[in-house]
Amino acid sequence: MLKQIEGSQGVAEAVALCRPKVVCAYPITPQTHIVESIGAMVKAGKLENCEFINVDSEFAALSVAIGASAAGARSYTATASQGLLFMAEAIYNAAGLGLPIVMTVGNRAIGAPINIWNDHSDSMALKDAGWIQLHAETNQEAADMHIQAFRLAESLSCPVMVCMDGFILTHAFKRIDVPSQEQVDEFVADFEPVQQLDPGNPYSIGTMVGPDAFTEVRFLAYQKQMEALDRIPAIAAEFSELFGRESCGLLRPYRTNDAETIVVALGPVNGTIKDVVDREREAGEKIGSVSICSFRPFPLVALCDLLEGAKRVICVEKSFAPGLGGVLASDVRMALRGHSMPVYTVIAGLGGRAITRKSLAYVFGRAARNNLEDLTFLDLNLEVVHKQMAHASEVRESGPIAENLLKALNPGLVRRVS
């Protein structure tokens, strides 16, 4: 059924159709509308046989989901930003225990300074925790990914994190095709856990493991991720056949057949990138793009095959690793080991800054002329940066960086002392 609804509502309806038994909720912007909507469905009786549990923190939310999943219940939660970091210990525990929890991350910047807008700093901080990590490009894909995520998590007994850009997707009203309960029931079977706490058959989950077996446990977790590289496209193909549209998979190429320049990115920024690709194609430039749907496991072989004929690669990233550069670019370089083509990193959209077609076209053009730095910060205000650096070198008590930058950008701003 086609509905003009908010992205968060679309995800909530998709999750409800998967019939979770336990939903653990703690509100944090911008994912709050998801769990609020599910809570309303539970209260109204539209989502039956589901226990909706309000908890007192994000750490508690995932901890309850861990307990519920270990008891054999299909479990779901959602979070964002600092909330995801507050869960960090439990994030690793859920993966290490092999529990098939599904969690939405409404991607949002990490402070300090305080910022509630979108980038990918939160999920990137926990990219190597052992969760499968999927990134949605559109609201339709975000809804579809959750249906596939439950199937994927439970087939591998591995947790899945579905990432959707905060506000850009979570709060945007778009037309979404919400499937029927019968379709989802056919696609997502009843949960049959591979491990379950049962008084009639007692055993321990999460016991102490010493050096004699710890490496082997970690290796088996790695093997699950490798198995997911086959399972993700297989599930996506089944989804396409049943629901009549393509969604998820490992990656999605766009006009890459004869491309000399290929842009790689995660999430909805790919829509803007495709617009630029189309304009550049009209101007005679051989350029294409690749949207990475599965960031963990990372599709090294599939991406290498797509990029092999290109002359250069540009990674547009909404996060970065201070002291290193691009997180996505590092993985792309690993995929291209043995190839000599340059991989450029363009850091864009941090803290919700707009990523414009004009700015992208400019850096893509420079890259095509092999005149782009290895690491570029899109639309960086160097004048303000240099002023702050000079101020810090001249004044010992130079004050907080964030406030100084705001004053430089807004000379009329007066600090209020209370």
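**Figure 1. Phe187, Phe239 and Phe243 make up one aromatic cluster.** This is a predicted model, in which local features need pLDDT of at least 70 and side-chain atom pairs count only at pLDDT 80 or more, while totals for chains, interfaces and linings use all residues. Residues are numbered from 1 along each chain as its sequence is written, and side-chain values use heavy atoms, with hydrogens and water left out. Rings of Phe, Tyr and Trp (its six-membered ring) pair if their centres lie within 6.5 Å; planes under 30 degrees apart are stacked, over 60 edge-to-face and the rest tilted. The rings of Phe239 and Phe243 are stacked, because their centres are 4.2 Å apart and their planes meet at 20 degrees. Both residues belong to helix 9, four residues apart, or about one turn of the helix. Phe239 is buried at 0% relative accessible area, and Phe243 counts as buried at 9% (buried is under 20%, exposed over 50%, partly exposed in between, with a 1.4 Å probe and protein chains only). Look also for Arg151, whose charged end sits over the ring of Phe187, 4.8 Å from its centre (NZ of Lys or CZ of Arg within 6 Å of the ring centre and within 35 degrees of the ring normal).

**Figure 2. Helix 9 has a kink at Leu229.** Helices (H or I, at least four residues) and strands (E, at least two) are DSSP runs, numbered from the N terminus. Helix 9 covers residues 214-243 and reaches 42 Å from its first C-alpha to its last, close to the 44 Å expected (1.5 Å times one less than its number of residues). The kink is about 35 degrees and comes shortly before Pro233; the bend is the angle between axes fitted to the seven residues ending at a residue and the seven starting there. Buried residues of the helix include Gln225, Ala228 and Ile232. Among the elements covering the buried residues are helix 7 (139-156) and strand 12 (294-296), with contact meaning heavy atoms within 4.5 Å. Just after the helix, Gly244 takes a positive phi of about 80 degrees.

Figure 3. A salt bridge puts a side-chain nitrogen of Lys or Arg within 4 Å of a carboxyl oxygen of Asp or Glu, and the model has 21 of them. Asp144 and Arg245 meet at 2.8 Å, N to O.

Figure 4. Asp331 is found in helix 12 (residues 327-335) and is buried, with a relative accessible area of 11%. Leaving out residues up to four places away in sequence, Asp331 touches Phe295, Arg296, Phe298 and Leu300. Arg296 in turn lies over the face of Phe295, at 4.5 Å from the ring centre.
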